[in-house]
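Hi,

Here is the structure I promised to pass on.

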Amino acid sequence: MATRVIGAGSLARDLGNWRSVGEDDEAGTRRSARPAYLALAEGIRLLIHDGRAPLGVALPSERDLAGTLGVSRTTITSTYALLREHGYLISRQGSRSTVALPPAVPHDGNRPARSILAMMAQPELATVDMTYAAMAAPLEMQEAYATALQGIPAYLGTHGMDPVGVLALREAVARRYTERGLPTDPDQILITLGAQHGMRLLLNVLTAPAARVLIDHPTYPNAIEAIRDVGARPIPVPLLPEGAQRGWDLDGIRSAARQTAATLAYLVPDFNNPTGLLLDADGRAELAAIARETRMTIVVDESMVDLNLTDAPMPPPVAAFAKGSEIVTIGSASKSFWGGLRVGWVRTNQALITKLLGIRSTVDLGTPVMDQLATIHLLDNAGVILDRRRDQLHSQRAALMAALADELPEWRFNPGAGGMSLWAQLPAPVSTALAATAPNHGVLLAAGPRFGVQGAFERFIRLPFTHPEADLRLAVKSIAATYEALTPRAAEPLQSLTLY
(Lines give C-alpha, C1' and ligand atoms only; values in the text may rest on other atoms or scores of the structure.)
Protein backbone atom coordinates (compact mmCIF):
# COMPACT_ATOMS: atom_id res chain seq x y z
CA MET A 1 0.00 0.00 0.00
CA ALA A 2 1.30 3.48 -0.88
CA THR A 3 2.79 5.58 1.90
CA ARG A 4 0.50 8.25 3.24
CA VAL A 5 1.78 11.76 2.44
CA ILE A 6 1.29 15.07 4.24
CA GLY A 7 0.39 17.74 1.69
CA ALA A 8 2.67 20.76 1.47
CA GLY A 9 -0.26 23.07 2.13
CA SER A 10 -1.32 21.15 5.24
CA LEU A 11 2.22 21.12 6.60
CA ALA A 12 2.63 24.85 5.96
CA ARG A 13 -0.66 25.55 7.74
CA ASP A 14 0.37 23.57 10.81
CA LEU A 15 3.82 25.16 10.91
CA GLY A 16 2.30 28.62 11.16
CA ASN A 17 4.97 31.28 11.79
CA TRP A 18 7.75 28.69 11.71
CA ARG A 19 10.57 31.21 11.37
CA SER A 20 10.08 32.28 15.01
CA VAL A 21 9.49 28.87 16.62
CA GLY A 22 11.47 28.43 19.84
CA GLU A 23 13.69 31.50 19.32
CA ASP A 24 13.68 34.33 21.88
CA ASP A 25 16.07 37.19 22.37
CA GLU A 26 17.18 38.41 25.80
CA ALA A 27 14.07 40.57 26.14
CA GLY A 28 11.81 37.58 25.46
CA THR A 29 10.65 38.79 22.03
CA ARG A 30 10.71 36.61 18.95
CA ARG A 31 13.47 37.01 16.38
CA SER A 32 14.37 35.22 13.16
CA ALA A 33 18.15 35.54 13.03
CA ARG A 34 18.71 31.79 12.72
CA PRO A 35 19.24 30.14 9.36
CA ALA A 36 15.90 29.27 7.79
CA TYR A 37 16.65 25.53 7.68
CA LEU A 38 17.18 25.46 11.48
CA ALA A 39 13.94 27.29 12.18
CA LEU A 40 12.02 25.05 9.80
CA ALA A 41 13.57 21.88 11.24
CA GLU A 42 12.62 22.97 14.74
CA GLY A 43 9.06 23.69 13.63
CA ILE A 44 8.70 20.24 12.06
CA ARG A 45 10.30 18.60 15.11
CA LEU A 46 7.69 20.17 17.38
CA LEU A 47 4.89 19.01 15.07
CA ILE A 48 6.26 15.46 15.35
CA HIS A 49 6.35 15.62 19.16
CA ASP A 50 2.84 17.09 19.23
CA GLY A 51 1.44 14.30 17.06
CA ARG A 52 0.43 16.67 14.25
CA ALA A 53 2.98 15.06 11.93
CA PRO A 54 2.19 11.36 12.60
CA LEU A 55 4.94 8.76 12.58
CA GLY A 56 5.31 6.79 9.37
CA VAL A 57 3.72 9.50 7.23
CA ALA A 58 5.81 10.97 4.40
CA LEU A 59 6.71 14.64 4.26
CA PRO A 60 6.07 16.60 1.06
CA SER A 61 8.65 16.53 -1.70
CA GLU A 62 11.39 19.13 -1.39
CA ARG A 63 10.13 20.92 -4.49
CA ASP A 64 6.50 21.11 -3.31
CA LEU A 65 7.38 22.33 0.18
CA ALA A 66 9.89 24.89 -1.12
CA GLY A 67 7.25 26.32 -3.45
CA THR A 68 4.57 26.44 -0.76
CA LEU A 69 6.79 28.07 1.88
CA GLY A 70 8.48 30.41 -0.57
CA VAL A 71 12.03 29.29 0.26
CA SER A 72 14.82 27.77 -1.78
CA ARG A 73 14.96 24.05 -2.37
CA THR A 74 18.39 24.10 -0.69
CA THR A 75 16.67 25.22 2.52
CA ILE A 76 14.32 22.23 2.40
CA THR A 77 17.18 19.86 1.58
CA SER A 78 19.15 21.11 4.59
CA THR A 79 16.05 20.90 6.81
CA TYR A 80 15.34 17.30 5.87
CA ALA A 81 19.02 16.40 6.24
CA LEU A 82 19.12 17.82 9.77
CA LEU A 83 15.92 16.01 10.79
CA ARG A 84 17.27 12.81 9.25
CA GLU A 85 20.60 13.16 11.09
CA HIS A 86 18.86 13.40 14.44
CA GLY A 87 16.40 10.57 13.87
CA TYR A 88 13.24 12.50 12.98
CA LEU A 89 13.15 11.29 9.38
CA ILE A 90 13.83 7.91 7.82
CA SER A 91 14.78 7.77 4.17
CA ARG A 92 14.92 4.73 1.92
CA GLN A 93 16.27 4.53 -1.60
CA GLY A 94 13.58 5.48 -4.08
CA SER A 95 11.05 6.40 -1.39
CA ARG A 96 9.94 9.57 0.35
CA SER A 97 11.28 10.54 3.77
CA THR A 98 8.92 9.39 6.53
CA VAL A 99 8.41 10.82 10.01
CA ALA A 100 10.09 9.01 12.93
CA LEU A 101 11.24 9.59 16.50
CA PRO A 102 14.85 9.25 17.69
CA PRO A 103 15.60 6.04 19.65
CA ALA A 104 16.08 8.08 22.85
CA VAL A 105 12.47 9.29 22.74
CA PRO A 106 9.93 6.87 24.33
CA HIS A 107 7.67 5.35 21.67
CA ASP A 108 5.18 3.27 23.62
CA GLY A 109 2.69 5.60 25.24
CA ASN A 110 0.12 2.82 25.61
CA ARG A 111 1.87 0.73 28.24
CA PRO A 112 0.49 1.00 31.78
CA ALA A 113 1.66 4.35 33.10
CA ARG A 114 4.68 4.07 35.36
CA SER A 115 2.98 6.52 37.68
CA ILE A 116 0.41 3.85 38.50
CA LEU A 117 3.15 1.35 39.35
CA ALA A 118 4.77 3.97 41.54
CA MET A 119 1.46 4.49 43.30
CA MET A 120 1.23 0.79 44.09
CA ALA A 121 4.75 0.81 45.49
CA GLN A 122 4.24 3.99 47.53
CA PRO A 123 0.48 4.38 48.16
CA GLU A 124 1.05 7.06 50.81
CA LEU A 125 2.21 9.44 48.04
CA ALA A 126 -0.98 9.05 45.96
CA THR A 127 -2.58 12.31 47.11
CA VAL A 128 -4.59 13.18 43.98
CA ASP A 129 -5.22 10.69 41.17
CA MET A 130 -5.44 12.64 37.89
CA THR A 131 -5.20 9.55 35.68
CA TYR A 132 -8.98 9.24 35.24
CA ALA A 133 -11.71 11.61 34.04
CA ALA A 134 -14.88 10.58 35.84
CA MET A 135 -17.15 12.02 38.52
CA ALA A 136 -18.60 10.59 41.67
CA ALA A 137 -22.17 9.34 41.47
CA PRO A 138 -24.98 11.91 41.66
CA LEU A 139 -27.32 12.05 44.64
CA GLU A 140 -30.03 10.37 42.57
CA MET A 141 -28.04 7.16 42.14
CA GLN A 142 -29.43 5.49 45.27
CA GLU A 143 -32.95 6.46 44.23
CA ALA A 144 -32.28 5.02 40.76
CA TYR A 145 -31.35 1.63 42.18
CA ALA A 146 -34.21 1.73 44.67
CA THR A 147 -36.60 2.30 41.77
CA ALA A 148 -34.91 -0.49 39.83
CA LEU A 149 -35.38 -2.85 42.77
CA GLN A 150 -39.08 -2.10 42.74
CA GLY A 151 -39.28 -2.88 39.02
CA ILE A 152 -37.16 -6.04 39.02
CA PRO A 153 -40.01 -8.47 39.95
CA ALA A 154 -41.41 -8.10 36.42
CA TYR A 155 -38.22 -9.74 35.10
CA LEU A 156 -37.66 -12.42 37.71
CA GLY A 157 -39.94 -14.88 35.91
CA THR A 158 -37.60 -14.83 32.91
CA HIS A 159 -34.04 -16.12 32.53
CA GLY A 160 -32.82 -12.51 32.80
CA MET A 161 -30.41 -12.73 29.88
CA ASP A 162 -31.37 -10.34 27.08
CA PRO A 163 -28.47 -9.59 24.71
CA VAL A 164 -30.43 -6.82 22.94
CA GLY A 165 -31.41 -4.96 26.10
CA VAL A 166 -34.53 -4.19 28.11
CA LEU A 167 -37.15 -2.69 25.83
CA ALA A 168 -37.97 0.16 28.22
CA LEU A 169 -34.33 1.30 28.17
CA ARG A 170 -34.05 1.01 24.41
CA GLU A 171 -37.18 3.14 24.15
CA ALA A 172 -35.68 5.74 26.49
CA VAL A 173 -32.42 5.91 24.54
CA ALA A 174 -34.27 6.07 21.20
CA ARG A 175 -36.45 8.88 22.56
CA ARG A 176 -33.38 10.93 23.51
CA TYR A 177 -31.95 10.58 20.01
CA THR A 178 -35.27 11.64 18.50
CA GLU A 179 -35.40 14.70 20.77
CA ARG A 180 -31.90 15.66 19.57
CA GLY A 181 -32.98 15.66 15.92
CA LEU A 182 -32.25 12.04 14.98
CA PRO A 183 -35.47 9.99 14.66
CA THR A 184 -34.71 6.58 16.16
CA ASP A 185 -36.66 3.38 16.68
CA PRO A 186 -35.95 1.12 19.70
CA ASP A 187 -35.03 -1.66 17.26
CA GLN A 188 -32.04 0.48 16.22
CA ILE A 189 -30.60 0.34 19.74
CA LEU A 190 -28.38 -2.38 21.22
CA ILE A 191 -27.67 -2.07 24.96
CA THR A 192 -24.06 -2.87 25.88
CA LEU A 193 -21.75 -2.98 28.89
CA GLY A 194 -20.62 0.58 28.25
CA ALA A 195 -19.35 2.40 25.16
CA GLN A 196 -16.03 0.55 25.25
CA HIS A 197 -17.86 -2.78 25.03
CA GLY A 198 -19.87 -1.51 22.07
CA MET A 199 -16.68 -0.34 20.36
CA ARG A 200 -15.04 -3.76 20.72
CA LEU A 201 -18.12 -5.51 19.31
CA LEU A 202 -18.09 -3.16 16.32
CA LEU A 203 -14.38 -3.69 15.71
CA ASN A 204 -14.90 -7.45 15.63
CA VAL A 205 -17.62 -7.09 13.01
CA LEU A 206 -16.34 -4.20 10.90
CA THR A 207 -12.58 -4.81 10.77
CA ALA A 208 -10.10 -7.54 9.94
CA PRO A 209 -6.46 -8.07 10.91
CA ALA A 210 -4.18 -5.40 9.37
CA ALA A 211 -7.17 -3.18 8.53
CA ARG A 212 -6.71 0.58 8.83
CA VAL A 213 -8.92 2.50 11.29
CA LEU A 214 -8.79 6.29 11.19
CA ILE A 215 -8.75 8.08 14.56
CA ASP A 216 -8.74 11.71 15.58
CA HIS A 217 -5.43 12.51 17.24
CA PRO A 218 -5.33 12.78 20.24
CA THR A 219 -8.13 10.45 21.26
CA TYR A 220 -9.42 8.09 23.94
CA PRO A 221 -6.53 5.71 24.78
CA ASN A 222 -8.69 2.63 25.38
CA ALA A 223 -10.04 2.96 21.85
CA ILE A 224 -6.49 2.83 20.47
CA GLU A 225 -5.83 -0.32 22.50
CA ALA A 226 -9.10 -1.89 21.31
CA ILE A 227 -8.16 -1.25 17.66
CA ARG A 228 -4.79 -2.88 18.18
CA ASP A 229 -6.28 -5.80 20.09
CA VAL A 230 -8.23 -6.92 17.01
CA GLY A 231 -5.08 -6.69 14.89
CA ALA A 232 -6.09 -3.48 13.13
CA ARG A 233 -3.89 -0.43 12.74
CA PRO A 234 -4.90 3.03 14.06
CA ILE A 235 -4.22 5.78 11.50
CA PRO A 236 -4.01 9.19 13.20
CA VAL A 237 -5.50 12.31 11.64
CA PRO A 238 -4.25 15.20 13.81
CA LEU A 239 -6.71 17.70 15.20
CA LEU A 240 -6.06 21.18 13.88
CA PRO A 241 -3.88 23.61 15.85
CA GLU A 242 -5.30 25.81 18.57
CA GLY A 243 -7.48 28.56 17.19
CA ALA A 244 -8.80 26.59 14.22
CA GLN A 245 -12.54 27.01 13.69
CA ARG A 246 -13.54 23.37 13.85
CA GLY A 247 -10.64 21.42 15.31
CA TRP A 248 -11.09 18.50 12.90
CA ASP A 249 -9.06 18.42 9.71
CA LEU A 250 -11.85 17.24 7.44
CA ASP A 251 -9.69 17.45 4.33
CA GLY A 252 -7.11 15.38 6.19
CA ILE A 253 -9.73 12.77 7.07
CA ARG A 254 -10.85 12.57 3.45
CA SER A 255 -7.27 12.33 2.20
CA ALA A 256 -6.27 9.72 4.80
CA ALA A 257 -9.31 7.58 3.98
CA ARG A 258 -8.43 7.60 0.30
CA GLN A 259 -4.70 7.06 0.74
CA THR A 260 -5.00 4.23 3.27
CA ALA A 261 -8.20 2.61 1.93
CA ALA A 262 -9.56 2.67 5.47
CA THR A 263 -13.08 1.27 5.75
CA LEU A 264 -13.62 2.33 9.37
CA ALA A 265 -13.01 5.44 11.48
CA TYR A 266 -13.41 6.08 15.21
CA LEU A 267 -14.05 9.75 16.03
CA VAL A 268 -15.12 11.72 19.10
CA PRO A 269 -16.69 14.92 17.72
CA ASP A 270 -18.74 15.57 20.87
CA PHE A 271 -16.18 17.03 23.31
CA ASN A 272 -13.19 15.04 22.18
CA ASN A 273 -11.37 13.23 24.96
CA PRO A 274 -8.92 14.80 25.93
CA THR A 275 -9.26 18.21 24.21
CA GLY A 276 -12.94 19.01 24.84
CA LEU A 277 -13.36 20.17 21.23
CA LEU A 278 -16.80 20.11 19.57
CA LEU A 279 -17.42 19.69 15.83
CA ASP A 280 -20.00 22.13 14.45
CA ALA A 281 -23.06 21.22 12.38
CA ASP A 282 -21.47 22.07 9.03
CA GLY A 283 -18.48 19.92 9.91
CA ARG A 284 -20.78 17.04 10.82
CA ALA A 285 -22.55 17.27 7.49
CA GLU A 286 -19.21 17.19 5.69
CA LEU A 287 -18.03 14.28 7.83
CA ALA A 288 -21.06 12.24 6.80
CA ALA A 289 -20.41 13.18 3.17
CA ILE A 290 -16.81 11.99 3.50
CA ALA A 291 -18.05 8.65 4.82
CA ARG A 292 -20.28 8.26 1.77
CA GLU A 293 -17.62 9.38 -0.72
CA THR A 294 -14.99 7.00 0.62
CA ARG A 295 -17.39 4.16 1.53
CA MET A 296 -16.06 4.31 5.08
CA THR A 297 -18.11 3.56 8.20
CA ILE A 298 -17.59 6.13 10.94
CA VAL A 299 -18.11 5.10 14.56
CA VAL A 300 -19.01 8.26 16.49
CA ASP A 301 -18.39 8.08 20.25
CA GLU A 302 -20.92 10.26 22.09
CA SER A 303 -19.85 9.32 25.62
CA MET A 304 -19.27 13.01 26.50
CA VAL A 305 -22.28 14.41 24.63
CA ASP A 306 -24.12 15.57 27.78
CA LEU A 307 -21.21 17.64 29.08
CA ASN A 308 -21.63 20.91 27.19
CA LEU A 309 -19.99 23.68 29.25
CA THR A 310 -21.03 26.59 27.03
CA ASP A 311 -24.30 28.44 26.55
CA ALA A 312 -24.44 27.47 22.87
CA PRO A 313 -26.93 24.81 21.79
CA MET A 314 -25.61 21.41 20.77
CA PRO A 315 -25.46 20.57 17.06
CA PRO A 316 -27.48 17.56 15.88
CA PRO A 317 -25.90 14.11 16.14
CA VAL A 318 -23.52 13.27 13.30
CA ALA A 319 -25.83 10.41 12.28
CA ALA A 320 -28.58 12.99 11.60
CA PHE A 321 -26.62 13.93 8.44
CA ALA A 322 -26.27 10.34 7.21
CA LYS A 323 -28.23 9.09 4.23
CA GLY A 324 -27.68 5.42 4.95
CA SER A 325 -25.75 3.32 7.44
CA GLU A 326 -22.42 5.16 7.09
CA ILE A 327 -22.56 6.57 10.66
CA VAL A 328 -22.76 4.27 13.70
CA THR A 329 -23.13 5.89 17.12
CA ILE A 330 -22.05 4.59 20.51
CA GLY A 331 -23.05 6.16 23.82
CA SER A 332 -22.78 5.55 27.53
CA ALA A 333 -24.23 6.43 30.92
CA SER A 334 -20.79 6.35 32.54
CA LYS A 335 -19.63 9.92 31.89
CA SER A 336 -23.05 11.48 32.27
CA PHE A 337 -24.00 9.72 35.50
CA TRP A 338 -21.45 7.33 37.04
CA GLY A 339 -18.50 5.24 35.91
CA GLY A 340 -19.71 2.32 38.02
CA LEU A 341 -22.89 2.13 35.94
CA ARG A 342 -21.68 -0.11 33.11
CA VAL A 343 -24.45 0.63 30.63
CA GLY A 344 -23.93 1.82 27.08
CA TRP A 345 -25.52 1.47 23.67
CA VAL A 346 -24.97 1.24 19.94
CA ARG A 347 -27.31 3.02 17.52
CA THR A 348 -27.28 1.53 14.03
CA ASN A 349 -29.41 -0.43 11.58
CA GLN A 350 -31.00 -3.76 12.45
CA ALA A 351 -28.78 -5.71 10.04
CA LEU A 352 -25.63 -4.61 11.87
CA ILE A 353 -27.25 -5.24 15.25
CA THR A 354 -27.90 -8.82 14.18
CA LYS A 355 -24.21 -9.24 13.33
CA LEU A 356 -23.19 -7.67 16.65
CA LEU A 357 -25.44 -10.11 18.53
CA GLY A 358 -23.69 -13.01 16.81
CA ILE A 359 -20.34 -11.77 18.13
CA ARG A 360 -21.73 -10.88 21.53
CA SER A 361 -22.97 -14.41 22.22
CA THR A 362 -19.34 -15.55 22.34
CA VAL A 363 -18.39 -12.89 24.91
CA ASP A 364 -21.33 -12.21 27.23
CA LEU A 365 -25.07 -12.80 27.45
CA GLY A 366 -26.34 -9.31 28.10
CA THR A 367 -26.26 -6.23 30.34
CA PRO A 368 -27.44 -6.66 33.97
CA VAL A 369 -31.15 -5.92 34.23
CA MET A 370 -30.82 -3.94 37.48
CA ASP A 371 -28.30 -1.57 35.90
CA GLN A 372 -30.58 -1.09 32.90
CA LEU A 373 -33.57 -0.27 35.09
CA ALA A 374 -31.49 2.20 37.11
CA THR A 375 -30.38 3.87 33.89
CA ILE A 376 -34.02 4.32 32.82
CA HIS A 377 -34.67 6.28 36.02
CA LEU A 378 -31.57 8.45 35.48
CA LEU A 379 -32.52 9.19 31.87
CA ASP A 380 -36.04 10.13 32.97
CA ASN A 381 -34.50 12.66 35.39
CA ALA A 382 -31.54 13.64 33.23
CA GLY A 383 -32.44 17.33 32.96
CA VAL A 384 -32.02 18.11 36.66
CA ILE A 385 -29.08 15.77 37.18
CA LEU A 386 -27.06 16.95 34.19
CA ASP A 387 -27.65 20.66 34.84
CA ARG A 388 -26.16 20.24 38.30
CA ARG A 389 -23.23 18.19 37.04
CA ARG A 390 -22.44 20.68 34.28
CA ASP A 391 -22.45 23.51 36.82
CA GLN A 392 -20.06 21.49 39.00
CA LEU A 393 -17.72 20.78 36.10
CA HIS A 394 -17.78 24.41 35.02
CA SER A 395 -16.72 25.58 38.50
CA GLN A 396 -14.04 22.93 38.81
CA ARG A 397 -12.64 23.75 35.39
CA ALA A 398 -12.40 27.42 36.38
CA ALA A 399 -10.54 26.43 39.55
CA LEU A 400 -8.11 24.27 37.59
CA MET A 401 -7.42 27.01 35.04
CA ALA A 402 -6.84 29.57 37.79
CA ALA A 403 -4.41 27.25 39.57
CA LEU A 404 -2.50 26.64 36.33
CA ALA A 405 -2.30 30.38 35.67
CA ASP A 406 -0.82 30.89 39.14
CA GLU A 407 1.55 27.93 39.33
CA LEU A 408 2.42 27.16 35.69
CA PRO A 409 1.82 30.33 33.68
CA GLU A 410 4.03 29.16 30.81
CA TRP A 411 1.73 26.18 30.14
CA ARG A 412 -0.85 26.68 27.40
CA PHE A 413 -4.33 25.19 27.08
CA ASN A 414 -7.60 25.69 25.26
CA PRO A 415 -10.53 24.99 27.60
CA GLY A 416 -12.63 23.54 24.80
CA ALA A 417 -16.42 23.54 24.71
CA GLY A 418 -17.05 20.77 27.22
CA GLY A 419 -16.02 17.37 28.47
CA MET A 420 -14.04 16.63 31.61
CA SER A 421 -10.43 17.62 30.98
CA LEU A 422 -7.95 20.23 29.80
CA TRP A 423 -5.32 19.30 27.23
CA ALA A 424 -2.32 21.27 28.44
CA GLN A 425 0.73 21.99 26.29
CA LEU A 426 4.09 22.00 28.07
CA PRO A 427 7.01 24.20 26.98
CA ALA A 428 9.15 21.07 26.52
CA PRO A 429 8.47 17.43 25.46
CA VAL A 430 8.66 15.92 28.96
CA SER A 431 5.20 14.47 29.50
CA THR A 432 6.34 10.89 30.16
CA ALA A 433 9.06 12.05 32.55
CA LEU A 434 6.55 14.30 34.32
CA ALA A 435 4.07 11.44 34.79
CA ALA A 436 6.83 9.11 35.99
CA THR A 437 8.12 11.60 38.57
CA ALA A 438 4.83 13.13 39.74
CA PRO A 439 3.97 10.39 42.30
CA ASN A 440 7.02 11.49 44.29
CA HIS A 441 5.25 14.83 44.70
CA GLY A 442 1.81 13.41 45.52
CA VAL A 443 -0.05 13.38 42.21
CA LEU A 444 -0.73 10.72 39.57
CA LEU A 445 -0.83 11.74 35.89
CA ALA A 446 -1.62 10.15 32.53
CA ALA A 447 1.16 11.11 30.12
CA GLY A 448 0.26 12.69 26.79
CA PRO A 449 1.55 9.78 24.66
CA ARG A 450 -1.23 7.57 26.07
CA PHE A 451 -3.67 9.59 23.97
CA GLY A 452 -1.82 9.09 20.69
CA VAL A 453 0.18 6.59 18.72
CA GLN A 454 3.90 5.97 18.39
CA GLY A 455 5.18 8.42 20.96
CA ALA A 456 3.20 11.52 19.99
CA PHE A 457 2.17 14.22 22.47
CA GLU A 458 5.28 14.37 24.65
CA ARG A 459 4.54 18.09 24.96
CA PHE A 460 1.01 17.53 26.28
CA ILE A 461 -0.71 16.19 29.36
CA ARG A 462 -4.37 15.61 30.17
CA LEU A 463 -5.64 17.31 33.32
CA PRO A 464 -9.17 16.22 34.35
CA PHE A 465 -11.27 18.67 36.34
CA THR A 466 -13.49 16.02 37.91
CA HIS A 467 -12.01 16.40 41.43
CA PRO A 468 -13.17 18.88 44.09
CA GLU A 469 -11.63 22.34 43.71
CA ALA A 470 -9.33 21.98 46.72
CA ASP A 471 -7.92 18.74 45.33
CA LEU A 472 -7.35 20.35 41.94
CA ARG A 473 -5.39 23.20 43.47
CA LEU A 474 -3.32 20.73 45.46
CA ALA A 475 -2.69 18.66 42.32
CA VAL A 476 -1.46 21.66 40.36
CA LYS A 477 0.95 22.64 43.15
CA SER A 478 2.33 19.10 43.06
CA ILE A 479 2.59 19.15 39.27
CA ALA A 480 4.43 22.48 39.41
CA ALA A 481 6.91 21.07 41.92
CA THR A 482 7.44 18.04 39.69
CA TYR A 483 7.95 20.13 36.59
CA GLU A 484 10.43 22.41 38.33
CA ALA A 485 12.48 19.38 39.40
CA LEU A 486 12.82 18.04 35.85
CA THR A 487 15.92 18.71 33.76
CA PRO A 488 14.87 17.02 30.51
CA ARG A 489 17.35 16.23 27.78
CA ALA A 490 14.38 15.87 25.45
CA ALA A 491 13.79 19.61 25.70
CA GLU A 492 16.99 20.44 23.80
CA PRO A 493 15.89 22.06 20.52
CA LEU A 494 17.42 21.47 17.12
CA GLN A 495 18.48 25.11 16.96
CA SER A 496 21.50 24.16 19.10
CA LEU A 497 22.63 21.68 16.44
CA THR A 498 24.25 22.35 13.12
CA LEU A 499 25.16 20.45 10.01
CA TYR A 500 28.77 19.76 9.15
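Predicted model: local features only at pLDDT ≥ 70, side-chain atom pairs only at ≥ 80, totals over all residues.

Residues are numbered from 1 along each chain as its sequence is written, and side-chain values use heavy atoms, with hydrogens and water left out.

The overall picture

The protein chain has 17 helices and 14 strands; these are DSSP runs numbered from the N terminus, with helices being H or I of at least four residues and strands E of at least two. Of the 500 residues in the chain, 55% are buried. Buried means under 20% relative accessible area, exposed means over 50%, and partly exposed is in between (1.4 Å probe, protein chains only). If you take contacts (heavy atoms within 4.5 Å) between residues at least 6 apart in sequence, 76% of them join residues at least 24 apart.

Two helix pairs

Take α6 (residues 140-151) and α14 (residues 369-380): their axes come within 8 Å and cross at roughly 120°. Axes here are lines fitted to C-alpha atoms, for helices over the stretch in contact, and angles run from 0 to 180 degrees between N-to-C directions. The two helices are therefore oblique to each other; angles under 35 degrees count as roughly parallel, over 145 as roughly antiparallel, 65 to 115 as roughly perpendicular, and the rest as oblique. Residues of α6 in the contact include Met141, Tyr145 and Leu149, and among their counterparts in α14 are Met370, Leu373 and His377. By class, this contact has nine nonpolar, three polar and three charged residues. Nonpolar covers Ala, Val, Leu, Ile, Met, Phe, Trp, Tyr, Cys and Pro, charged covers Asp, Glu, Lys and Arg, and the others, Gly among them, are polar.

The other pair is α1 (residues 8-15) with α3 (residues 62-69), which pack at an angle of about 50° with their axes 9 Å apart. This crossing is right-handed. Ala8, Gly9, Leu11 and Ala12 of α1 meet Asp64, Leu65, Thr68 and Leu69 of α3.

Salt bridges

How many salt bridges does the structure hold? There are 20, each being a side-chain nitrogen of Lys or Arg within 4 Å of a carboxyl oxygen of Asp or Glu.

One of them pairs arginine 175 with aspartate 380 at 4.0 Å, N to O. That pair links distant parts of the chain, with arginine 175 in α8 (residues 167-179) and aspartate 380 in α14, 205 residues apart. Arginine 175 is partly exposed at 42%, whereas aspartate 380 is exposed at 51%.

Another joins arginine 292 and glutamate 326, with the closest N and O atoms 2.9 Å apart. Arginine 292 sits in α12 (residues 281-294) and glutamate 326 in the loop between β8 (297-301) and β9 (327-332), so the bridge ties together parts 34 residues apart in sequence. Arginine 292 is partly exposed at 30% relative accessible area, but glutamate 326 is buried at 9%. There is also a network: Asp251, Arg254, Arg258, Glu286 and Glu293 are joined by salt bridges that share partners.

Cheers

Note on methods
Left-handed = near helix turned anticlockwise from the far one by under 90°.
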